Amino acid sequence: MRVVLVGAPGSGKSTQGPALAAHLGVPYLATGDLLRQAAESGSSLGRRVAEVVERGELVPDDVVVAVLAAALGDDATGYVLDGFPRTVAQAEALDAGSTPLAPPDLVAHLDVDEAVLRRRLTRRAQAAERADDTDPEVVEKRLRVYREETRPLLDHYRRRGRLVVVGGDGPPDEVGRQLRAAVAGAAGRQLPPGGTGAPAH
Ligand code: AMP
């Protein structure tokens, strides 16, 4: 099963993603984590990645695809992706098979009210684990990049019948339960009993 998680910064992707991946028995791949690891490597590419991430801007597509490919290795059977695709152009590349990853079976939108997001991001800023969480201007930029560049993905996948929306305002256990139910429901629709894997009409 291949699942993409889409949600604003603070929507819970990095809490829900690893748990969902373990539940499905597939790798969890978070482009933000992979890019931060690349940034810490100290290579010249890593330094360029760090500058872009710390400004809250998007890293060039070829760099993101390269770190994803390296992390996926030979395991092409399934994934939970967190943070990719993040633009319609990245989604089109994924759907067209021009990345090393197969297209997703399902795109789950973790839908969180803006006021809840801001509360969570303020708490994260106090924990100060990430440079891009501590500067309020960078946090605003990331929210704006989400609204302008990433939200259009939702319509892209809704039109293709692959989108499920999961309310993400509640406690993590409850959100996780709803996410697993949504994935199971979508998997059931895509794979009729004894089915061929063809999407239901
Ligand atoms: P995240 O941990 O998902 O919030 O991502 C942190 C940062 O990594 C983002 O603000 C971007 O700078 C960069 N990033 C993560 N995923 C992507 C992507 N798919 N395309 C471009 N940049 C990305």
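In this predicted model, V88, A91, E92, L94 and D95 of helix α5 meet P152, L153, H156 and Y157 of helix α9, where contact means heavy atoms within 4.5 Å. The residues of this contact divide into six nonpolar, one polar and two charged. Residues are numbered from 1 along each chain as its sequence is written, and side-chain values use heavy atoms, with hydrogens and water left out. Local features need pLDDT of at least 70 and side-chain atom pairs count only at pLDDT 80 or more, whereas totals for chains, interfaces and linings use all residues. Helices (H or I, at least four residues) and strands (E, at least two) are DSSP runs, numbered from the N terminus.

**Packing of α5 and α9**
- Helix α5 covers residues 88-95 and helix α9 residues 152-159; the two pack at an angle of about 35°, with their axes 9 Å apart.
- These axes are lines fitted to C-alpha atoms over the stretch in contact, and angles run from 0 to 180 degrees between N-to-C directions.

**Helix α6**
- The 14 residues of helix α6 (residues 114-127) should span 20 Å at 1.5 Å a residue, and the end C-alpha atoms are 20 Å apart, which agrees; the expected span is 1.5 Å times one less than the number of residues.
- V116, L117, R120 and L121 of α6 are buried, that is, under 20% relative accessible area, with exposed meaning over 50% and partly exposed in between (1.4 Å probe, protein chains only).
- Seen down the axis of α6, the buried residues fall within an arc of 130°, so they line one face of the helix; the arc is that of the directions from the helix axis to the C-beta atoms.
- These buried residues pack against α7 (131-134) and α8 (136-150), while the face turned away from the buried side carries the exposed residues R119, R123 and Q126.
- At the start of α6, a side-chain oxygen of D113 reaches to within 3.1 Å of the backbone nitrogen of A115.
- Just after α6, A128 takes a positive phi of about 50°.

**Residue S11**
- S11 lies in the loop between β1 (2-6) and α1 (13-24) and is buried, with a relative accessible area of 2%.
- A polar atom of the S11 side chain lies 2.7 Å from the backbone oxygen of A8.
- Leaving aside neighbours within four places in sequence, S11 is in contact with L110, V112, L117, R120 and G168; among these, L117 and R120 are buried residues of α6.

**Residue E149**
- E149 is found in helix α8 and counts as partly exposed at 37% relative accessibility.
- Not counting residues up to four places away in sequence, E149 touches L58, R86, T87 and V88.
- The C-alpha atoms of E149 and V88 are separated by 7.4 Å, although the two are 61 residues apart along the chain.

Key:
Ala, Val, Leu, Ile, Met, Phe, Trp, Tyr, Cys and Pro count as nonpolar, Asp, Glu, Lys and Arg as charged, and the others, Gly among them, as polar. A polar contact is a pair of N or O atoms within 3.5 Å; within protein, one must be able to donate a hydrogen and the other to accept it, and residues adjacent in sequence count only if both atoms are side-chain atoms.
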